[in-house]
Amino acid sequence: MSILDLFRLDGRHAVVTGAAQGIGFEIARGLAEAGARVTIADLNPDVGHDAARSIGAAFEPLNVTDPAAATALAAKLGGADILVNNAGIVRNTPAEDTPDDDWTAVMRVNLDGVFWCCRAFGQHMLAQGRGSIVSTASMSGLISNHPQPQAAYNASKAGVIHLTRSLAGEWASRGVRVNCVAPGYTATPLTKRGLETPEWRETWLKETPMGRLAEPAEIAPAVLYLASDAASFVTGHALVVDGGYTCW
Ligand SMILES: NC(=O)c1ccc[n+]([C@@H]2O[C@H](COP(=O)([O-])OP(=O)(O)OC[C@H]3O[C@@H](n4cnc5c(N)ncnc54)[C@H](O)[C@@H]3O)[C@@H](O)[C@H]2O)c1
């Protein structure tokens, strides 16, 4: 077998949340190219249906903040071989002025949502004795960004990284690997406001050793690696893809 075969996902079903656009869409596209049957599960059916059609994937509406919906989707699909928890949101409010709803909204999508989907699909994976989960965390789970304030986001992503380790430890002996990627600044609708704010943009570029943002397609190969048999001895890991941001 060629080493390249380890990256193939033929015969596997991958569910990618928050994949109607941005990083998630490129992940879905990459996994489909590697041979997986892909289901995009997203809050936004308007964009999601077209996105799925464009890469030969299926679309399922899902709000990851709803644990019953995650459980129902996993049951409807009969589980999955690969789950990518990618849905995420950000709120840029100074910590001292953070409205209750902002804090809760970020935690519900970025951390609770990851857990509900891990639990729902993890049950099926454990029952079948194999599976691979990859979540999109962030470098914000390792450092605290500036100049923009985003305490809830940073805390939620640190939570994803540690949840990854916790589930990896619990499920390793039962054939289920759990990892995450930690991207740096990536050009998507999520970072549009920051790029349009000169002070943020300048700081982001200055503090990234590579001097630029990532394209969403530059995150997808890291997810493919972790999702595939190429990472068969890797679990509980946070793979940083940040152009060197966390070096400084
Ligand atoms: N863009 C960056 O710089 C960056 C850096 C590090 C990590 N990330 C993370 O990458 C992931 C994707 O970010 P992006 O930049 O592509 O964002 P994006 O805003 O372009 O896309 C997010 C997607 O998630 C979906 N979504 C939002 N809430 C949802 C919910 N409750 N249920 C289901 N789907 C939901 C949206 O409909 C959208 O399709 C997020 O977890 C984000 O935190 C982004």
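Me: Is the crossing of α4 and α5 right-handed or left-handed?

Reply: In this predicted model, α4 and α5 cross in a right-handed manner.

Me: Which residues of α4 and α5 make the contact?

Reply: From α4, the contributors include Trp-103, Val-106, Met-107, Asn-110, Leu-111, Val-114 and Cys-118. From α5, they include Tyr-153, Ser-156, Lys-157, Val-160, Leu-163 and Leu-167. By class, the contact of α4 with α5 comprises 14 nonpolar, 4 polar and 2 charged residues.

Me: What span does α4 have, and where is its kink centred?

Reply: Helix α4 covers residues 100-128, which is 29 residues. From its first C-alpha to its last it reaches 40 Å, close to the 42 Å expected at 1.5 Å a residue. A kink of about 40° in α4 is centred on Asp-112. Just after α4 comes Gly-129, with a positive phi of about 75°.

Me: At what angle do helix α3 and α4 pack?

Reply: Helix α3 (residues 67-77) and α4 pack at about 25°, with axes 8 Å apart. That angle makes α3 roughly parallel to α4, and their crossing is right-handed. Pro-67, Ala-70, Thr-71 and Ala-74 of α3 meet Trp-116, Cys-117, Ala-120, Phe-121 and His-124 of α4. This contact of α3 with α4 has 7 nonpolar residues, 2 polar residues and no charged residues.

Me: How is the packing of helix α1 and helix α8 to be read?

Reply: Helix α1 (residues 22-33) and helix α8 (residues 220-227) have axes 9 Å apart and pack at an angle of about 50°. This makes α1 oblique to α8, and α1 passes α8 in a right-handed crossing. Glu-26, Ile-27, Gly-30 and Leu-31 of α1 make the contact with Ala-220, Pro-221, Val-223, Leu-224 and Ala-227 of α8. The residues in the contact of α1 with α8 are 7 nonpolar, 1 polar and 1 charged.

How values were computed
Residues are numbered from 1 along each chain as its sequence is written. This is a predicted model: local features need pLDDT of at least 70, side-chain atom pairs count only at pLDDT 80 or more; totals for chains, interfaces and linings use all residues. Helices (H or I, at least four residues) and strands (E, at least two) are DSSP runs, numbered from the N terminus. The expected span of a helix is 1.5 Å times one less than its number of residues. The bend at a residue is the angle between axes fitted to the seven residues ending there and the seven starting there. A crossing is left-handed if the near helix is turned anticlockwise from the far one by less than a right angle, and right-handed if clockwise. Two residues are in contact if their C-beta atoms, placed from the backbone, lie within 7 Å. Ala, Val, Leu, Ile, Met, Phe, Trp, Tyr, Cys and Pro count as nonpolar, Asp, Glu, Lys and Arg as charged, and the others, Gly among them, as polar. Axes are lines fitted to C-alpha atoms, for helices over the stretch in contact, and angles run from 0 to 180 degrees between N-to-C directions. Angles under 35 degrees count as roughly parallel, over 145 as roughly antiparallel, 65 to 115 as roughly perpendicular and the rest as oblique.
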